[in-house]
Structures are given as C-alpha cells and as structure tokens.
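Please look over the sequence and the model below before reading on. The paragraphs that follow go through it one place at a time.

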Amino acid sequence: MNHHSQWINIAIRKIEADYQRSADTHLIKLDLPCIDGIDIYLKDESTHPTGSLKHRLARSLFLYALCNGWVNQDTTIIESSSGSTAVSEAYFARLLGLPFIAVVPRKTASKKIEQIEFYGGRAHFVDSPSEIYDESRRLAKELNGHYMDQFTFAERATDWRGNNNIANSIFEQMKLEEHPIPTWVVMSPGTGGTSATIGRYIRYQKHDTQLCVVDPENSVFHDYFKTRDNTLTSDTGSRIEGIGRPRVEPSFIPDVVDEMRTIPDAASVATVHWLEKLLGRKAGASTGTNLYGVLQLASEMKARGETGSIVTLLCDSGERYLDTYFDYQWVSDNIGDISGYISQLETFEYTGTL
C-alpha cells in the first residue's frame, strides 16, 4: 500500500472512530396541551460536538472527498459558509491535521468565527454573501487546496437510504410514540441537502409523511419551488443565519418536497424567544423558522379535527447569537418589531390557533 492510500485509510478510520464515540441526538417532545392529539417534536442537533446540524454534513463531506481522492495529507480545505458548516469542517480538518479556511460573509456571528478559530481554522471574509462561491474557488486554486462546496455536494454526500442519516434516526426514535409515522416533517433549507435526504428517505421507506420546507425572507428557494427557474437570484442575503440562499443551490431538490412556505423573519426570531420560555434554553433563529412552520401546520390540523405528529429540527444553540437574535437592540435595528408575533404565539398557547 502506498503512503497516500495509507493516509486516506487512517483519515477515514479517525472520522469513523469519532462517529463511534458519539451518541445520537435527542428527540424532544414539546408540552402543548392547546393542540391535544397533535404531538410536536424537535430533534436537538445542537448537541453534536460542534453544536449544530452541520456536524453531520461536515462528516459526510469529508468522507465523500476522501473516498473520491480529492483530499490528501497536504490539502488545504476551503469552504464557503454562513458559519455553522465551517465550524464543523474546522473540527474535522483539525482531526485530520489539515489546514482549514472558511470563506464567510462579514456579518457572520462573532461566536461562530471564534469557534472556527478554536478548531484551528481561519475565517476569510467577503462583503456580500454572493461572493463566497467565487472566492472559495479562487483560494482553492491559489493554494492548490480542495473546495468542499457544501452547496453542490450536500445532497449526494449523505446516504439517503439509511446508514443512520438524520431521517433514519428520526423515524427510529418515533417508533414508540403515539403517532410513530409523522404527518409532517418540517425543514428549512441552507444547502437543501437535509431536505433532500429526508424527502428521499420518506419515499424510499414508503411512508405517508409529507415534507414541508420553510424558507426565510430574501431566499430564492420558495420561488424556485413554484417556478422551477434555476436562474433566480436575490440581491439581498437572508437575515436568518444558516438558511436561505441568494441563488438556487444544486443540492436543493424541489421534487422531494410536498409543500413550501415563506416564514417572515420577525416570526422566526419571535418563535425562538417564545421557545426559550418553553424549553428553558436558547436556540438559533433557523429553529424559529422551522417551529413557526410547524405551529402553522398544527393549527391547520386542529382546525380540520386531525391528530398526528410533526417533527422538525432544533438546528443549533442560541448561545451563538447572543449579540444578534437575543440582543433586543440588534433585533429592532435588523429584523424589526417582533412583539406582534410574540403576542400571537402567547395566544396560541391557550387557543392552539395561529
């Protein structure tokens, strides 16, 4: 065996050993008597070693790149990211002893930048979210490195048929619940890779579950879902960090999605403030996007007299956003008035109607 092949074998073993040391993430059932007969669950992805859903993606991307022969012991890893994927990739790059550069928008949460640097990576800033792609390619070429390109490879790096992917995990954890086959799974799109995995898995397993994808403002995914125009772009970046894109990403597969909704950014932020009172801890704003969509669906199910279960993700911890989504002045300046949605959610607790 040559030295290169030996290094790849060792690298894959290290990643697999790291996975073997990890437990699955918890499925949290919310206590909401106002929607009796409709159960809501949050799969808590914040408990991964790097604190977010993107830990799964980063692991898959590294294994995909290694098995494709794109990465060796001298490769600099470059990724375009709004923060969380970069944090997770920095973790795996350090595990393998590889240099890591994250190309991120200048407005990325400072806590995420600190975490990238904690794992030995460095942040390379661009002024506009739309610049991250070309700048990542330029750096990869300049440094003879490898651009991971999560936005292209997210949907193909994960085995959607099973292998303990996130969809497989959800359905296994639901087996003993009152409504074990969810009526809905709700997911917000960043790359689109997770919704692709969930949608494909649902079809492969022949479940009756429907997939609802919830988009933030200033994202083109919902319009693409309606029009199938893959040239759509937006001049304004998403204000909900980690989800929503200014262009149609290759990993977003619209045909596995049953329904899409756009959630107002103020509703997303209000929902994580409301959720904190319910759970006793903070979650990132993308979780608010997910949960507000869930509450809409639950309200509609209640109005139709239906029962069932709805599952979504708690994507990351709100501790990363103390100076943004949990800073009232920042919210006022950048998102706007969320008090109307807070009142709406408080009313929902008594009526089950949103």
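Leaving aside its neighbours within four places in sequence, which residues is A270 in contact with? They are I338, Y341, I342 and L345, where contact means heavy atoms within 4.5 Å. This is a predicted model, in which local features need pLDDT of at least 70 and side-chain atom pairs count only at pLDDT 80 or more, while totals for chains, interfaces and linings use all residues. Residues are numbered from 1 along each chain as its sequence is written, and side-chain values use heavy atoms, with hydrogens and water left out.

A270 itself sits in helix α10, which covers residues 265-279. Helices (H or I, at least four residues) and strands (E, at least two) are DSSP runs, numbered from the N terminus. With a relative accessible area of 0%, A270 is buried. Buried means under 20% relative accessible area, exposed means over 50%, and partly exposed lies in between, with a 1.4 Å probe and protein chains only. Between A270 and A109 there are 161 residues in sequence and 19 Å in space, taken from C-alpha to C-alpha.

T50 lies in the loop between β2 (38-44) and α2 (54-67). Its side chain makes a polar contact of 2.7 Å with the side chain of H55, and another polar contact of 2.7 Å joins the side chains of T50 and S88. A polar contact is a pair of N or O atoms within 3.5 Å; within protein, one must be able to donate a hydrogen and the other to accept it, and residues adjacent in sequence count only if both atoms are side-chain atoms. Apart from neighbours within four places in sequence, T50 is in contact with H55, V87, S88, Y91, Y119 and R320.

Charged side chains come next. How many salt bridges does a search of the whole structure find? The search finds 28, a salt bridge being a side-chain nitrogen of Lys or Arg within 4 Å of a carboxyl oxygen of Asp or Glu. One of them pairs R156 with E155, the closest N and O atoms being 3.2 Å apart. R156 is partly exposed because its relative accessible area is 38%, whereas E155, at 9%, counts as buried.

Another salt bridge brings together the side chains of E172 and K175, at 3.1 Å from N to O. E172 has 42% relative accessibility and so counts as partly exposed; K175 has 52% and so counts as exposed. In a further salt bridge, between R228 and D255, the closest N and O atoms are 2.6 Å apart. This pair links distant parts of the chain, 27 residues apart, with both R228 and D255 in the loop between α9 (221-227) and β9 (259-262). R228 is partly exposed at 38%, and D255 is exposed at 56%. Salt bridges also link D24, K43, E45 and R56 in a network.

Rolling a probe the size of a water molecule over the atoms shows where empty space is left. On a 1 Å grid over the protein atoms alone, a cavity is a set of points where a 1.4 Å probe fits but cannot get out, and lining residues have an atom within 4 Å of a point. Grid points are joined across faces, edges and corners, and a volume is the space filled by probe spheres set on the points. The whole structure holds 1 cavity of 30 Å³ or more, and the largest cavity has a volume of about 90 Å³. Of the 13 residues that line the largest cavity, K54, S82, Q150, F151 and G242 are the closest to its centre. Helices α3 (84-96) and α6 (150-157) each supply at least two residues of this lining. The lining divides into 2 nonpolar, 9 polar and 2 charged residues. In that count Ala, Val, Leu, Ile, Met, Phe, Trp, Tyr, Cys and Pro are nonpolar, Asp, Glu, Lys and Arg are charged, and the others, Gly among them, are polar.

Two loop residues remain. K206, in the loop between α8 (193-204) and β8 (210-215), has a phi near 60°, a positive value in a residue other than glycine. K206 is exposed, with a relative accessible area of 68%. N218, in the loop between β8 and α9, likewise has a positive phi, near 65°. N218 is partly exposed, with a relative accessible area of 29%.

Methods
1 Å grid on protein atoms, 1.4 Å probe; cavity = no way out; pocket = protein on both sides within 12 Å on 5 of 7 lines; lining within 4 Å.
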